[in-house]
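Dear colleague,

Please find below the sequence and the structure that I am handing over to you. My notes on what was found follow directly after them.

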Amino acid sequence: MRFEGTLLYGLLVWLMATTAVRAASPLVISEFLASNSTNRVDENGDFEDWIELRNTTASAVNAEGWALTDDPGDLEKWRFPAVTIPAGGYLLIFASEKDRRVPGSNLHTNFRLSNGGEFLALIESDGETVATAFEPEFPPQAPNVSYGVDAQGARVFFSRPTPGAVNGVGLVDRVADTRFNVDRGFFQAPFDLLITTATAGAEIRYTTNGTPPTATTGLVLSGPLRISRTTVVRAAAFRSGWLPSNVDTHTYLFTADIIRQSPNGAPPPGWPASWGSNVRDYGMDPDVVNDPRYQGTIEQDLKTLPSFCVTVHLPDMFDPTRGIYANPGQDGRGWERPMSLELIHPDGTEGFQENGGIRIRGGFSRSTDNPKHAFRFFFRGEYGASTLQYPVFGAGAAEEFEGFDLRTFQNYSWSFQGDGSGTFIRDQFNRDAQLAMGQPGERGDYFHLYINGQYWGLFNTCERPEASYGATYLGGNKQDYDVIKVEAGPYTTVATDGTMASWTQVYNLVRPPGAVNDTMYRRLLGQNPDGTRNPSYPVYVDAANLIDYMLIILWGGNLDAPISNFLGNTSPNNYFGMWNRVTQDRGYQFFVHDAEHTLLNVNEDRTGPYPAGDSSVVKSSPQWLWQKLQQGSPEFRLHVADRIRRHFFGSGVLTAAGARELYLRRRNEIDRAVIAESARWGDSKRSSPLTRDGNWL
């Protein structure tokens, strides 16, 4: 039978040619790691993903001009410098986005690898010939498990990565994910839970105490599970010689059960009787749950807000030695613990579940006398997905996160200070006001929180204005930004991203006596003395942003930001500043960050001037800059008057009507949720609980 001239013949010729090209390529991708947190660090001490090339020939190969890419539309995305790989040798390249191509030093691509799977290819120096390709994409990857070619040429997973060395024995494949027949949510009636996997011969193990199951721990699933009360189920599937599935977590909330949790304050089954030296508080107070004003509504009150559900191995939270809740003063990566985070909407709107890391957040609130701490959530490849992809802060806000904060109420709180003047609104109201004035600001909303199914109270999400925020909302890449904030403890201004160089330059321009006048003000705006733009001058000040920020501070009588009354007005506190040092065309953006000490005294005067900042740049703040500009520049003072006219008159944000509208929106949002907070924490520091009607209203 003759094939010449047929479509089949053409396909066979193409296939043989493609196979021949790839087989003849002297360099191949032999292994890569797309989720690295323990295997190999780069010269900066970072656990970056990596790609390993192997020279398959008996001669050295110069890789100059070859390319790596994760984009099938751009085969030359990252080209190699002049580097030689010895005969039978290896070359390791970090997939870090750092884009470093200096021969003799560590090489870094200008892209990262997605642990969810993506296209990856090695291209020869002609820019067209494919040496190795994982197409259309490599399979989803597991933390610290590499993927590549074994001795038989098969593509497999390696539980023990071997960068720069011969690959070991691989795992056949990954066990298919577990499937739950009932999704997480709120329930009134018992049900049977079925958990399955599509991988034949796999064993499913599960837990209900928050601990992730392993191949040798947890209970072996032998049939459906009867779920009749608030339960957290974690499950994974295992098969010998295969990479296990990831751990799936589902929280099932029964409000009738929740309102009766630990009514006498005793630890729930399996929970510790103490949290190190911390004050312990468990359960829902019967004095609130059974109060005639609330007993008919409290179950529904738990559904008036969405709920976050954190699931952790309890010792990671409460163990006296390593638990983050038992050691709240500890911070940093070493005090981050793995968790599952779920978002459950009571109306059935789709939420999410993602694995990540959790830390305690805050300064003053880290006291061991505080039984209700705030948290920071982090999402990295070592836990699962490299980012959380969900519109946590609503429409029009960011939809992808490396992390965000879950704050609670510390000053004027029921849980920490037993303070009847707590409103739980001050912080978010001030942040709302900055956004309403048309400025970048920290979005946030209110949520209930559960830890391993135990109700933990009312909390407040908050965006964190660091470099990734700048890239999302202001443009560019996160590597472009200088971000400054106040470091609690020494109460000094430091850079959390980038450096202090740009802020120090602003400080040095403004600090000398008499330095500030209209000419200097225009220079900070990036202008010549006549007000025309001078491209050689960076734009350091966004006048509207600085003024609007300070108007909120002064209007609310903020005692603890950006200059702290509690530190004798000689130190800064509680602010973020952000500047793009690459474009340099938009002045520093300042963010209202912590505003609990506001709306206290209608006659509070925070205009200053205060000495904080006069001595050194590390004691400076946006208010110090504001003071200097007000004192020296009539043009700036006129700009202040313009912004006052905008916000304090007509329909302005800071008129009585405008502020009331913002405030009542938040008041109405948490009106019923406060009852649940009262039951959980109203008696934390008192024998009789603080309540919605008796105190909050």
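Helices (H or I, at least four residues) and strands (E, at least two) are DSSP runs, numbered from the N terminus. This is a predicted model, in which local features need pLDDT of at least 70 and side-chain atom pairs count only at pLDDT 80 or more, while totals for chains, interfaces and linings use all residues. Residues are numbered from 1 along each chain as its sequence is written, and side-chain values use heavy atoms, with hydrogens and water left out.

L33 belongs to strand β1 (residues 27-33). With a relative accessibility of 0%, L33 is buried (under 20% relative accessible area; exposed is over 50% and partly exposed in between, with a 1.4 Å probe and protein chains only). Leaving aside residues up to four places away in sequence, L33 is in contact (heavy atoms within 4.5 Å) with N39, D49, W50, L113, N144, V145, S146 and P161. The C-alpha atoms of L33 and S114 lie 10.0 Å apart, although 81 residues separate the two in sequence.

Strand β7 (residues 90-95) has 5 of its 6 residues buried. It pairs (DSSP finds at least two bridges between the strands) with strand β2 (residues 49-55) in the antiparallel sense, over 6 bridges. In that pairing, I51 stands opposite I93 of β7. Strand β8 (residues 107-108) pairs with β7 in the parallel sense over 2 bridges, and H108 in β8 is the bridge partner of F94.

The next feature is a barrel. It is closed by 7 strands in the order β22-β23-β24-β25-β28-β30-β29, with mixed pairing. From one strand to the next, the twist averages 40°; axes are lines fitted to C-alpha atoms, for helices over the stretch in contact, and angles run from 0 to 180 degrees between N-to-C directions. Strand β22 (residues 307-311) and strand β29 (residues 446-451) are joined in the parallel sense by 4 bridges, where S307 has H448 of β29 as its bridge partner.

β28 and β30 run antiparallel and are joined by 3 bridges, with L406 partnered by T461 of β30. β29 and β30 also run antiparallel, over 6 bridges, and L449 stands opposite G457 of β30. These two strands, β29 and β30, form a hairpin with 2 residues between them, and N452 in the turn has a positive phi of about 50°. Helix α6 (residues 426-436) lies across β28 (403-407), β29 and β30 (454-462), at about 25° to β30.

R666, in helix α13 (residues 656-670), is buried at a relative accessible area of 2%. Residues up to four places away aside, R666 touches I425, Q428, D432, G444, D445 and Y446.

Finally, the axes of helix α10 (residues 543-556) and helix α12 (residues 634-648) come within 10 Å and cross at roughly 60°. α10 and α12 are therefore oblique to each other (under 35 degrees counts as roughly parallel, over 145 as roughly antiparallel, 65 to 115 as roughly perpendicular and the rest as oblique). The contact is made by A543, A544, L546, I547, D548, L551 and W555 of α10 and by F636, H639, V640, R643, I644, H647 and F648 of α12.

With kind regards
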